[in-house]
Amino acid sequence: MKCWTAGALAALALHASNAFGFDVPDAASTRRTAPLLSTAIVSIVIDDVGDGRAAGLRAIELPGSLTYAILPHTAHGATLARLAHSLDKEVIVHMPMESIAGKPLGRGGLTANLSRQQFEQRTLAALISVPHAQGLSNHMGSRLTTMQRPMQWLMNILVAKKNWMFLDSRTTAESVAEATARELGVRTTFRDVFLDNEVNVEAIRARLRELIDKARAHGSAVAIGHPYPQTLQVLAEELPLLVPFASKREANRTFGNVTNDHPRSVRLVSLSRLIAMRSRRTAQTVPQGQHFNVLGAVPRAQRPSPQH
């Protein structure tokens, strides 16, 4: 059996960290499975934080590098944002946007009938209301995120904020938000899994397994959940498992059969770190001069996109 020195193992780990992310194909037929890595990565974003103090506190107390999407102008949003930041948790603004169903947005929501000045004023007021924010995601938005002009206005604001990121919640398969962010140079990615569209413990646990399977297959995956009691219960029980394992046997025992086609373990990282790793992997994968699907490794038709 070949013995590895500490230096060789360190070099291998460095290579794996540089290879995190996902494959970006020219077409769905050319998708490739990510090579065997020592660790795959997932990010979990907790949406809709700010209205309820107790639920928000419980969410922030969860272990690991979670990211919190905080609704602007809410009763507890600023306080919870400061607390999350004090615990080295990542904070983003969860910006209410017009949905196809016309659901109420609350104070300062973005709608299609706003002038550019009104749009910018509402967005900037929302950003100010969430201290320590490092980015933005869409709350609902199944109508607004399909519209090129308001998405350009939004991304120009994020460009001016310097190094802010954008998460496309993908509440519709027709969203142009992520593609617009990429075109304008905003750090961005998309949601792969909704953890709690069905709010019961077993369904949420199944969606968490789906997140892990996607990460093992493609190198990384992003989930969105909410501060529901059932979601917080599952995450409190399962998050301690999202760390590297000492052996393939241990990973098999936790996540099922691990073959040579999949990473052997899964690590929870912040959203900003996952975006950085996905971007690095994209740059390494796409040949110079070739075009690629800016929407990422999973074709639109394969992404679940409930209307919100």
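The model is predicted.

Strand β4 spans residues 135-140. It is mostly covered, with 6 of its 6 residues buried.

On one side of the pairing list stands strand β3, residues 90-97. It runs parallel to β4, and 5 bridges join the two. Met 95 has Asn 138 in β4 as its bridge partner. From β3 the chain passes through helix α4, residues 116-129, to reach β4. This β-α-β crossover is right-handed.

Strand β5, residues 165-168, also pairs with β4. Here 3 bridges join the strands, which again run parallel. Gly 135 stands opposite Met 165 in β5.

## An aromatic pair between helices

How many aromatic pairs does the structure hold? There is 1. The ring centres of Phe 119 and Trp 153 are 5.4 Å apart. Their planes meet at 70 degrees; an angle over 60 counts as edge-to-face, so this pair is edge-to-face.

Phe 119 belongs to helix α4 and Trp 153 to helix α5. The pair therefore ties together parts that are 34 residues apart in sequence. Are these two residues buried or exposed? Both Phe 119 and Trp 153 are buried.

## A charge over a ring

Another ring contact involves Phe 190. Arg 278 lies over the face of that ring, at 4.9 Å from its centre.

How values were computed: Residues are numbered from 1 along each chain as its sequence is written. This is a predicted model: local features need pLDDT of at least 70, side-chain atom pairs count only at pLDDT 80 or more; totals for chains, interfaces and linings use all residues. Side-chain values use heavy atoms; hydrogens and water are left out. Buried means under 20% relative accessible area, exposed over 50%, partly exposed in between (1.4 Å probe, protein chains only). Helices (H or I, at least four residues) and strands (E, at least two) are DSSP runs, numbered from the N terminus. Two strands pair if DSSP finds at least two bridges between them. A crossover is right-handed if, with the strands pointing away from the viewer, the path from the first strand over the helix to the second runs clockwise. Rings of Phe, Tyr and Trp (its six-membered ring) pair if their centres lie within 6.5 Å; planes under 30 degrees apart count as stacked, over 60 as edge-to-face and the rest as tilted. A charge sits over a ring if NZ of Lys or CZ of Arg is within 6 Å of the ring centre and within 35 degrees of the ring normal.
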